[in-house]
Amino acid sequence: MSNQIPKAYEPGKIEEKWYNFWLEQGYFTPKIDPSKKPFVVIMPPPNVTGELHLGHALTDTLEDIMVRWHRMKGEPTLWLPGTDHAGIATQVVVEQELAKQGLTKNDIGREKFLRIIWEWANKSRRNINSQHQMLGTSCDWTRDCFTLDEGPSRAVRTAFVRLYNKGLIYRGERIINWCPRCQTALSDLEVDYKSITGHLYYVRYPLTADSSQLTAIRFVTVATTRPETLLGDTAVAVNPKDRRYENLVGKDVILPLVNKKIPVIADDAVDPFFGTGVLKITPAHDPTDFEVAERHNLPLVNIMNLDATMNENAGPYVNLERFVCRDKVVADLKDKGLLEKIEPYPHSVGHCNRCQTMIEPKASRQWFIRTSPLAEAAIKAVKEGDITIVPERFTKVYFDWMENIRDWCISRQLWWGHRIPVWHCQDCSKLTASADEPLACEHCGSNQIVQDPDVLDTWFSSGLWTHSTLGWPDDTDDLRYFYPTSVMETGYDILFFWVARMIMMGLEDTGEIPFHTVYLHGLLRDENGEKMSKLRGNVINPTEAISEYGVDALRFALIIGSSPGNDINLGQGRLKSSRNFANKLWNATRFIFQSIDAEALKCRTLQVDVIASEAKQTQGSRRVEDRWIHSQLNRLIINVTKLMEDFQFGEAEQQIHDFIWSEFCDWYIEFAKIRLGNQSPPSPLPFLVNTLGISLRLLHPSMPFITEELWQSLKQRLPNKSQMPASIMIAPYPTSNEKAIDPEAEKAMDAVIEIIRSIRNARSQYKVAPAKWIKAQVYADNHLPYITSQAKAIETLARARPLAILNRQERKAGKEKALILVLKEAEVVLPWTGMIDQLAEKKRLIKEKELAQARIAQLNTRLRDNAFLTKAPPHIVEKEKQKLYLLKDKLERLKSELSQLD
């Protein structure tokens, strides 16, 4: 026939074709239908900084599975795509490009710099969207959003001003993560912590003369990893319960090198078991010290410039780079006899995740959100069940973080991003916050106002993502219908940084939760469970994987067997297995199509409707294998539907895979081939077609391209093709018919399959030539009529001829030596005569027995040798004992097999 599908499955030839078809048909764009509840997913916006990686492919696949499933269930389904401007990451990339030309952003100015970034970002967005489409993402591209688009930007300004006017946004001095290279504050998520081996420096702080007389102690020793910061110390502290230092509290010490008097204070923040139990307090350069300083009213002394060189407060060390300053301070302490010792000290140090510069904690005047009031509502929404977190174990993690939340630093010293909508008056020094650019100061009316130079943390704009993308703050049709959204799917590693903020901001801005369910997936690792990294060379490029294996194989490999919140091991073996599965499905379908075409040549019309109810599909056939496959298929639909509802997508895909590979392809199709070859009625074709059609629909959400290709080819072969949906994407998801569950047929066919499998295993074990027929007798009771009806299948698939299927009562003890296979529902007797060359087999077994006996003798001699037993490590002795045990077991089995040949 002209529509014969190719012999080999070549995914590259069909993927782009079908994606363009779906786009042209408008299947991705839902229509608002007030009579139906929509299913809505807002895509976590990937950064606009480059290509998609394997983590994005995992996110895309999981969300596409949900979206395609709900769309097939007939729900108006919106998957809204978008990208994030990624403030610091994007600015760093573009600055690096400028540096290649010998330029900095300051050389070209803010306006031109932003114009260059916009050009770069727009090009990157097009590339990212193209990669999404390559992965088969069925999102609504007519609603594509960018965090710096006018709509989301206005939402950001509006949200800021509302929080500012409620007193929840303020400007103050706090400790923040500072990148000296990027010269901006960083969020916690933008800091990578690396284990390094540094040093612990033990520095002596002399007591003042008055204090020394009162305590008879000349100095206290402080242990620190950053001796250069002592230039900014304003106190030393001890734990109030530490009796070693109770007489020192309230006394004064001299700050080394600075010769300034500072107090000794007591505070519970001091760990008495770290170092000497005495802590130097540098409030402007350490978060713990900052809090101690607030409790004790200590001054802040900032000793560093923005680029981490020392400022004028560092005295003689001014203008030195921080690590150069460290070396100079250590040398000067040695010269003055104030350095007691230096010890190696491994510890975790934060680095900027964009430029890998070591971050500097420093007190800085920044914009903050008071998050505690927002967190209260977000905690309540989860506690009362309005929002469910999957898997449930992350709920406790969420509460732990939210109940101990700190104020959120939202300002960044960048040019790329949402400019803070606050204007500083040059005349009265007051601030005007406005969503629209003001003409004058709202306090004094002066037009001498200047906008704050900082931009907002990227997480602020992405925290509004669920509602800013739907038109908020306007009362739009989309917002009314699609908000709250249904599921927020993302990695568990950003539960705090993004998901929690979306919940807080969604509730604050709209008064409603932003989504009903949070689904958290695990992280991707290589097949050995190692974290993927370019340094290890174990990173899989999704584009290369698609080129080699196809999109469907990559998607299936990412999901099958996975579970919510658990990491996923992915390697070439898993990708190959998924490709093999696609090939298996393709070849099975090709056989079914050839059978349909053969019927057509005989002018026989195939009466089947792959969309009709399951009961209608199977009327008229009482053959046990037809009842069995229909029962198994309906069990599969029940199980998969429940698993999908419980977000167990990996297990759902595993069950679909196992059914298609084993029950359908390995067994039912093989039974059907025998019937089709014999042309014995009734024809299995209706069951083949029905099972294929339902299997394709079950599989479509995870493997969209191959299922669409095969669906379209199936449609062309059926007489009622005009009644079939134009695309599998809009075909109804299968529903189960519990009346089709047939335990009797299942048990009977399980017995038949076990018989065939046991004979095959015996043939393999005894190396019977594949083409050779062997004699077999099968004895059974309960399912004898069914087993007898499958005699031809057992004979053909096990290559057993002559085959006798008898009642157990007819079994007689024969003189002929035979291999007895005791099964669950039957016994199989395979006479040795004809199955093997008895003489050759006996010689082989005798040789193996002699080798085993010789090796046992050697091991017995060794294990009786006292010299070996006393000198060899215990694990070596144990290993030898284990070898002996295994060899003795093998010898007994060899003797047993020989006895059957005697």
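## Basis

In this predicted model, local features need pLDDT of at least 70 and side-chain atom pairs count only at pLDDT 80 or more, while totals for chains, interfaces and linings use all residues. Residues are numbered from 1 along each chain as its sequence is written, and side-chain values use heavy atoms, with hydrogens and water left out.

## Mixed sheet

Four strands in the order S10-S11-S9-S12 form an open sheet with mixed pairing. Its edges are strand S10 (252-255) and strand S12 (278-281); each has a single partner strand, so one side of each has no neighbour in the sheet. On average, neighbouring strands of this sheet are turned by 35° against each other, direction ignored. Helices (H or I, at least four residues) and strands (E, at least two) are DSSP runs numbered from the N terminus, and two strands pair if DSSP finds at least two bridges between them.

Strand S9 (residues 235-238) and strand S11 (residues 260-266) run parallel and are joined by three bridges. Valine 236 has valine 264 in S11 as its bridge partner. Helix H7 (residues 287-296) packs on the sheet and touches S11 and S12, its direction making about 85° with that of S12. Contact here means heavy atoms within 4.5 Å; axes are lines fitted to C-alpha atoms, for helices over the stretch in contact, and angles run from 0 to 180 degrees between N-to-C directions.

## Antiparallel sheet

Another open sheet has four strands in the order S6-S5-S14-S16, with antiparallel pairing. Strand S6 (184-186) and strand S16 (408-409) stand at its edges with a single partner strand each, so one side of each is left without a neighbour in the sheet.

Two bridges pair strand S14 (residues 360-369) with S16 in the antiparallel sense. Opposite isoleucine 369 stands tryptophan 408 in S16.

## Buried residues

Phenylalanine 28, in the loop between helix H1 (15-25) and strand S1 (39-42), is buried at a relative accessible area of 3%. Buried means under 20% relative accessible area, exposed over 50%, and partly exposed in between (1.4 Å probe, protein chains only). Not counting residues up to four places away in sequence, phenylalanine 28 touches residues including Tyr19, Trp22, Arg71, Trp141 and Met729.

Lysine 715 belongs to helix H22 (residues 704-717). A polar atom of the lysine 715 side chain lies 3.4 Å from the backbone oxygen of proline 725.

## Backbone features

Most residues other than glycine have a negative phi, and most peptide bonds are trans. Glutamine 183, not a glycine, has a positive phi of about 50°. Glutamine 183 lies in the loop between strand S5 (169-179) and S6 and is partly exposed, with a relative accessible area of 31%. Asparagine 259, also not a glycine, has a positive phi of about 55°. The loop between S10 and S11 holds asparagine 259, which counts as exposed at 62% relative accessibility.

A cis peptide bond with omega of about 0° joins tyrosine 483 and proline 484. Proline 484 is in the loop between helix H13 (477-482) and strand S22 (485-491). The peptide bond from arginine 801 to proline 802 is cis as well, with omega near 0°, and proline 802 is in strand S27 (residues 800-807).

Notes: A polar contact is a pair of N or O atoms within 3.5 Å; within protein, one must be able to donate a hydrogen and the other to accept it, and residues adjacent in sequence count only if both atoms are side-chain atoms.
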